[in-house]
Amino acid sequence: MNEYLEKAKLVIADQESRSQAIDACGLSRHEFDSLRREIEQKEKRIRFLETRAEQMSMMHEQECRLMTTAWHKTASDLIAFQRGTDSLTDSSRERGFLSQHRDPHLHFREPDYPHANYHHGAFDGM
């Protein structure tokens, strides 16, 4: 029981010394506690903002990687497309004259003769 009383006296003496230190600064206990809570809230806000800034930085890095990947894919698709069209034109050059003209998109067109009214051996309008 004696130890308990000694500890209680130490706690009371400690609180009195804190109170006297606060009184020396001109702050009441209430003002001091209010300032301490405000500082704790601001420190909590700072920790939150630091965490948020780190998250935003990681998100920015990920977005940059995604944009770079998309850009490289688009460029490689364009190169592949160009190579594909080049190979198509190369393959049409390699085919013979007749096989090129057998394509369905090529239709027979009557040649332009000096006598445009001439059809199958007969003249129209004469």
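The following dialogue reads selected features of a predicted model.

Trainee: How many helices and strands make up the secondary structure of the chain?

Mentor: The chain has 3 helices and 2 strands. Read from the N terminus, the order of these elements is α-α-α-β-β.

Trainee: What share of the residues in the chain is buried?

Mentor: The term has a cut-off: a residue is buried when its relative accessible area is under 20%. Of the 126 residues in this chain, 2% are buried. The accessible surface of the chain amounts to about 12,400 Å², and carbon and sulfur atoms account for 59% of that surface.

Trainee: Where does UniProt place the feature "coiled-coil region"?

Mentor: The UniProt record, an unreviewed entry, gives this feature at residues 32–59. Such annotations may be inferred rather than shown by experiment. In the model, the span 32–59 is 100% helix and 0% strand, and its end C-alpha atoms are 41 Å apart.

Trainee: Which residues form salt bridges with Arg 36?

Mentor: One partner is Asp 33, with the closest N and O atoms 3.4 Å apart. Another is Glu 40, where the closest N and O atoms are likewise separated by 3.4 Å. Arg 36 and Asp 33 both belong to helix α2, which covers residues 29–94, and a separation of 3 residues places them about one turn of the helix apart. Glu 40 lies in helix α2 as well, 4 residues from Arg 36, again about one turn.

Trainee: Is Asp 33 buried or exposed, and why?

Mentor: Asp 33 counts as buried because its relative accessibility is 17%, and the cut-off for that class is under 20%. Arg 36, by contrast, is partly exposed, as its relative accessible area is 38%. Glu 40 is also classed as partly exposed, at 41% relative accessibility.

Trainee: Which residues are linked with Arg 36 in a network of salt bridges?

Mentor: The network joins Arg 36 with Arg 29, Asp 33 and Glu 40.

Trainee: Which residue meets Asp 77 in a salt bridge?

Mentor: The partner is Lys 73, with an N to O distance of 3.0 Å. Both residues lie in helix α2, 4 residues apart, or about one turn of the helix. Asp 77 is partly exposed because its relative accessibility is 41%.

Definitions and conventions: Residues are numbered from 1 along each chain as its sequence is written. This is a predicted model: local features need pLDDT of at least 70, side-chain atom pairs count only at pLDDT 80 or more; totals for chains, interfaces and linings use all residues. Side-chain values use heavy atoms; hydrogens and water are left out. Buried means under 20% relative accessible area, exposed over 50%, partly exposed in between (1.4 Å probe, protein chains only). Accessible areas come from the Shrake-Rupley method with a 1.4 Å probe; for residues, only the protein chains shown count as cover. A salt bridge is a side-chain nitrogen of Lys or Arg within 4 Å of a carboxyl oxygen of Asp or Glu.
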